Each structure stands twice: as C-alpha cells, then as structure tokens.
Amino acid sequence: MQFTARTQPRRQGFDRNRLPDPLIYYATELDAMRASEHCRGQSATARCPFHDDRHPSLLVNLDTGAFRCRVPACGAYGRDVLAFHMARYGLPFAAAAKALGAWRTRT
Ligand SMILES: [Zn+2]
C-alpha cells in the first residue's frame, strides 16, 4: 500500500488549469488565423507576430497551445499560450499568468 501525497491546493500562484483555451486565445490574439488540416489534433497557421511576416508562418497547436514559427531566422517557439503571451508582450512569467487569468490570488 502506497500513499500518494495529495498536495494541498495552493492558495496563491500559477494555476495551469485556468489558462484560456488555446483555440479561443489564438483566435483573439492572431490575425487571419486559418485552420489547417493536419493529421492529428487541431492546428492553425497565422501571420507570425514575432517577425515581419507576410505569409502565415506561425503554426499553432489549438489543443496544447504550442506554437512555432517556420522561418528559421525568427525561430519563435513555445509550448503553451503562456509562453506565447510572455514572448509577445515581453512579460515575466507571473505577469503573463495574471494577464491570462491563470494566477490564483489569496482571498
Ligand atoms: Zn516568426
């Protein structure tokens, strides 16, 4: 018999479960987002906000929020909407989490 430690819900700090749905987040953040057919999951392409992009070079995964720019000179990359928000607005981790409503504050 093994105990699994149940961690107490933290009263304050980052809460990943509160991150916005990548589909909704990217629909508001990215211009001209187009759904693209990929074999698995939902993904979309959009003009990359991290470089002067004329063609949709940014590939986003609408399930996980991961994003990647296909232009090597740009190289924008991240694993979730939080990483995107930090990169796009130059925010540190906590500020980006708060901006996305994913920061639990003590009540
Ligand atoms: Zn780019």
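**A nonpolar core and the elements around it**

Of the 17 residues in the largest nonpolar core, the ones that touch the most other members are Leu58, Val60 and Leu82. A nonpolar core is here a set of buried Ala, Val, Leu, Ile, Met, Phe, Trp, Tyr and Cys residues joined through C-beta atoms within 7 Å. A residue counts as buried if 20 or more other C-beta atoms lie within 10 Å of its own, as exposed if 12 or fewer do, and as partly exposed in between, with C-beta atoms placed from the backbone. At least two residues of this core come from each of helix 1 (22-29), strand 3 (43-47), strand 4 (56-61), helix 2 (81-89) and helix 3 (93-99). Helix 2 gives the most, with 4 residues. Helices (H or I, at least four residues) and strands (E, at least two) are DSSP runs, numbered from the N terminus.

The model is predicted: local features need pLDDT of at least 70, side-chain atom pairs count only at pLDDT 80 or more, and totals for chains, interfaces and linings use all residues. Residues are numbered from 1 along each chain as its sequence is written.

Of its 107 residues, 20% are buried. Two residues are in contact if their C-beta atoms, placed from the backbone, lie within 7 Å; among contacts between residues at least 6 apart in sequence, 30% join residues at least 24 apart.

The strands may be taken next. Strand 3 and strand 4 run antiparallel and are joined by 5 bridges, where pairing requires that DSSP find at least two bridges between two strands. Threonine 45, in strand 3, stands opposite leucine 59 of strand 4. With 19 other C-beta atoms within 10 Å, threonine 45 is partly exposed. Its C-alpha atom is separated by 5.4 Å from that of leucine 58, 13 residues apart along the chain. Strand 4 also pairs with strand 5 (residues 67-69), in the antiparallel sense over 3 bridges, and here leucine 58 stands opposite cysteine 69. The hairpin of strand 4 and strand 5 has 5 residues between the strands, and glycine 65 takes a positive phi near 90 degrees. Leaving aside neighbours within four places in sequence, valine 60 is in contact with Tyr26, Ser43, Ala44, Ala46 and Phe67.

The loop between strand 3 and strand 4 contains cysteine 48. This residue is buried because 22 other C-beta atoms lie within 10 Å. Beyond its neighbours within four places in sequence, the contacts of cysteine 48 include Leu58, Cys69 and Cys74.

Which residues of helix 1 are buried? They are Pro22, Tyr25 and Tyr26. These cover an arc of only 90 degrees around the axis, and therefore lie on the same side of helix 1; the arc is that of the directions from the helix axis to the C-beta atoms. The face turned away from the buried side of helix 1 carries the exposed residues Ile24 and Thr28. The buried residues of helix 1 pack against strand 3, strand 4 and helix 2.

In helix 2, the buried residues are Val81, Leu82, Phe84, His85 and Met86. Their packing partners are helix 1, strand 5, strand 6 (77-78) and helix 3. Glycine 90 follows helix 2, with a positive phi near 60 degrees.
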